[in-house]
Amino acid sequence: MSQESYQQALDDLQAAGQLRRIREVEPDGLPHCVVEGQPAIHFSSNDYLGLSRDPRLAEAAIEAIGRYGTGTGSSRLIAGTNRLVMRLEETLAAFKGTEAALVFNSGYQANVAILQAVLQPGDYVFCDRLNHASLMDGVLLSGAKWTRYRHLDLRHLEEKLAKTPRETRKWIVTDSVFSMDGDYPDLKAVADLAEQYGAMTLVDEAHATGLYGERKRSGLCETFGVSDRITLQMGTFSKALGGAGAYVAGSRVMIDTMINKARGLIYSTAMPPASMAAALKAVEIVQTDASLRDRLWENIRHFALACAERGVEIPTLKSPIAPVLVGGSAVALAHGQALLEAGYFVQAIRPPTVPANTARLRVTITAVHKPEHLDGLAERLAALKPAESAAGR
Ligand SMILES: *Cc1c(COP(=O)(O)O)cnc(C)c1O
């Protein structure tokens with residue numbers, strides 16, 4: 001048997017409405033894009049503030065290329081640590097209110113590397129059922145014992161904590177804003193439980209960095225006032241910060257642990273200078289300029305209202321992520337295609353990214369959408385409703 005078994009597996013996915021393929025999505029001046037030739041308004045990007053096209057970031061990145069070149073040439077522990085990344089990490093530690101911070105090339109890589117570094121067999125890990133795949137992969141790689149509690153159900157978490165031997169090393173691991181649902185846990189309650197049961201905590205702020213927190217906008221740990229009580233605050237530059245790469249912030253001892261143990265850091269070339277400079281600029285911008293964030297929240301409120309007026313069911317929006325649940329994978333794909341043909345690019349998200357029978361259209365709102373884009377999409381979503389019930393779940 002050679003490649004036929006793989007073809008069979010792909011055919012099976014196709015039959016289940018779960019085959020994935022990648023499409024060309026060409027930006028055409030935010031929020032416009034062209035999806036395989038079809039012009040559309042972009043509602044599938046995590047670039048919530050539109051910073052990926054901000055001239056201030058571009059200028060910083062270009063300047064960094066001029067000074068440092070396009071690559072760093074070696075890993076952080078060899079010779080990949082220039083003054084720019086030192087400054088970025090100092091800025092991040094201040095941003096997050098921690099002793100130290102460390103950057104990684106991507107959020108996926110960071111989560112796998114962090115968890116592999118801090119966990120060992122014998123440790124216990126408590127994960128929200130809907131945690132991002134990269135968190136799960138890091139836990140699996142570590143060989144630690146793990147269990148999942150029901151989504152956002154901290155009573156369920158407490159039950160599990162209470163059953164675990166007191167002396168074992170324990171970690172609670174959760175997204176702050178959940179990437180496919182747009183909701184988030186009460187991080188103060190998470191910190192309380194962690195302290196009560198002697199657990200440490202890792203919070204993934206990928207979808208919250210730059211958006212939440214009154215003073216610095218460093219994420220939901222800031223909003224809940226627990227920046228000094230969460231062991232590790234992880235986040236990315238790849239979403240609201242409009243760039244690429246990730247960070248983890250925490251105590252000196254935890255960052256030193258990462259430097260000594262995190263294979264995803266040790267055995268990977270340091271992030272490109274352009275990405276370092278763009279990240280540094282983005283962190284400065286979100287702390288000093290509230291205008292983009294204010295516009296984003298205005299758009300989120302506008303879209304929620306536009307949906308309510310037209311009978312489109314979405315959860316109460318606590319973030320720029322608005323999931324429209326449709327149930328079956330085939331229905332989600334058909335709806336996504338219909339929206340695209342109407343000029344709205346909304347990605348259909350199917351299992352295994354989300355649990356079975358919860359396929360959805362994942363709408364992301366950004367600061368660069370105009371009211372007419374938001375109204376137009378709500379209108380189109382409302383027009384999909386009969387097809388949804390006719391097609392069944
Ligand atoms: C996107 C995401 C990641 C991965 O970050 P990348 O920089 O895209 O690799 C990790 N965690 C969560 C919760 C995410 O949404």
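## Surface and burial

The protein chain has an accessible surface of about 17,700 Å², and carbon and sulfur atoms contribute 52% of it. These values describe a predicted model. Of the 393 residues in the protein chain, 54% count as buried.

## Overall fold

The protein chain contains 14 helices and 14 strands. Its radius of gyration is 21 Å, close to the 21 Å that the globule rule gives for 393 residues, so the protein chain is as compact as a globular protein of that length. The C-alpha trace spans about 55 × 55 × 55 Å along its principal axes.

Among contacts in the protein chain with a separation of 6 or more, 71% join residues 24 or more positions apart.

## Ligand shell

For Asp204, an N or O atom of the side chain is 2.6 Å from a nitrogen atom of the ligand. The side chain of Lys239 places an N or O atom 2.7 Å from an oxygen atom of the ligand, and a polar side-chain atom of Ser238 lies 2.8 Å from an oxygen atom of the ligand.

Taken alone, the ligand exposes 380 Å², and the protein buries 85% of that area.

Conventions. Residues are numbered from 1 along each chain as its sequence is written. This is a predicted model: local features need pLDDT of at least 70, side-chain atom pairs count only at pLDDT 80 or more; totals for chains, interfaces and linings use all residues. Side-chain values use heavy atoms; hydrogens and water are left out. A polar contact is a pair of N or O atoms within 3.5 Å; within protein, one must be able to donate a hydrogen and the other to accept it, and residues adjacent in sequence count only if both atoms are side-chain atoms. Accessible areas come from the Shrake-Rupley method with a 1.4 Å probe; for residues, only the protein chains shown count as cover. Helices (H or I, at least four residues) and strands (E, at least two) are DSSP runs, numbered from the N terminus. The radius of gyration is taken over C-alpha atoms; the globule rule is 2.2 Å times the number of residues to the power 0.38. Buried means under 20% relative accessible area, exposed over 50%, partly exposed in between (1.4 Å probe, protein chains only). Contact means heavy atoms within 4.5 Å.
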